[in-house]
Amino acid sequence: MIELQDVAKTHHRGETAVHALRGVTATIPEGSFTFILGPSGSGKSTLLYLMGALDAPTAGDIVVDGHSINEMPDSAKDSYRRDDVGFIFQSFNLLKNLNAVDNALVPYLPRGVNGELKSRAVELLKRVGLENRIDHTPNQLSGGEQQRVAIARALLKDPKLILADEPTGELDSKTGAEVFGYLRDLHAERKSTVVVVTHDQSHLTSGDTVLRMRDGRIEE
Ligand SMILES: Nc1ncnc2c1ncn2[C@@H]1O[C@H](COP(=O)(O)OP(=O)(O)OP(=O)(O)O)[C@@H](O)[C@H]1O
């Protein structure tokens, strides 16, 4: 469970202060498929980055499974980001010289990759329908395939929490629906919490948790 406790974030751009979040309080239930919806600039990505401890709030706190992100020492924050959270970005963030399986293994490269891990990466790529694309580099893959590699990369560590920022923003609607299909199947199998930032409401289904944002606040 993630508790957002009066979370505020002010970005500074030169002399100008941008109040991206103005006191967000909400609960994201464990195991939920949660959408953060809202117009451009309403603070969705900022909130997601704070949940992933990629940035720190200006005020307020985020409590994940009883642990305050503010109070975590840097070493605990590092392991939270590395082991507990799977990130999926709009632009896929794949390395262009690596094939699909090595891209899925990127988070593990600093620690070393053994055969068992590599087999798991191959299994996950198969699971997202890429059995014939294992040796392809990103420029040999379609956008939807690249995003499926990114999903496999995020899931390889079996994270408790998956944070996705506009995961279908660069995909056509049919490919976007396929990517959501994989995310939903994997969510159902693994019971992890999935939080998706999107403009696009068409992927919502009953049972999802929805946070609607406007001007740095939760509207609903
Ligand atoms: N690093 C930053 N420095 C300065 N301002 C920022 C920074 N990141 C975000 N902002 C500003 O904070 C506000 C909220 O941005 P955020 O990216 O969280 O919104 P969003 O709802 O995700 O928008 P979009 O849907 O367009 O991605 C915007 O006004 C944005 O310009």
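Where is the place of D215? D215 sits in the loop between β9 (209-214) and β10 (217-218), where helices (H or I, at least four residues) and strands (E, at least two) are DSSP runs numbered from the N terminus. We will return to this residue below.

**The model and its confidence**

This is a predicted model, in which local features need pLDDT of at least 70 and side-chain atom pairs count only at pLDDT 80 or more, while totals for chains, interfaces and linings use all residues. Residues are numbered from 1 along each chain as its sequence is written. The protein chain has an average pLDDT (the predictor's confidence in each residue, from 0 to 100) of 93, and 100% of the residues score at least 70. For the complex, the predictor gives an ipTM of 0.95 and a pTM of 0.92.

**Around the ligand**

The shell around the ligand holds 13 residues, of which H11, A20, S40, S45 and T46 come nearest; a residue is near a molecule or strand if its C-beta atom, placed from the backbone, lies within 6 Å of it. By class, this shell has nine polar, two charged and two nonpolar residues. Here Ala, Val, Leu, Ile, Met, Phe, Trp, Tyr, Cys and Pro count as nonpolar, Asp, Glu, Lys and Arg as charged, and the others, Gly among them, as polar. At least two shell residues come from each of β1 (2-13), β2 (16-28) and α1 (44-51). The largest share, three residues, is supplied by α1.

**Strands and sheets**

Two strands pair if DSSP finds at least two bridges between them. Four strands form an open sheet in the order β2-β1-β4-β5, with antiparallel pairing. The edges are β2 and β5 (67-68), each with a single partner strand, so one side of each has no neighbour in the sheet. β4 and β5 are joined antiparallel over two bridges, and V63 has S68 in β5 as its bridge partner.

A parallel pairing over five bridges links β6 and strand β7 (residues 161-165); in it, F89 stands opposite D165 in β7. Strand β6 (residues 85-89) is largely enclosed by the rest of the structure, because four of its five residues are buried. A residue is buried if 20 or more other C-beta atoms lie within 10 Å of its own, exposed if 12 or fewer, and partly exposed in between, with C-beta atoms placed from the backbone.

**Helix α6**

The end C-alpha atoms of α6 are 25 Å apart, which agrees with the 26 Å that its 18 residues should span at 1.5 Å a residue; the expected span is 1.5 Å times one less than the number of residues. G176, V179, F180 and L183 are buried in α6. Seen down the axis, the buried residues of α6 fall within an arc of 100°, so they line one face of the helix; the arc is that of the directions from the helix axis to the C-beta atoms. The face turned away from this buried side carries the exposed residues K174, D185, A188 and E189.

A53 is placed in the loop between α1 and β4.
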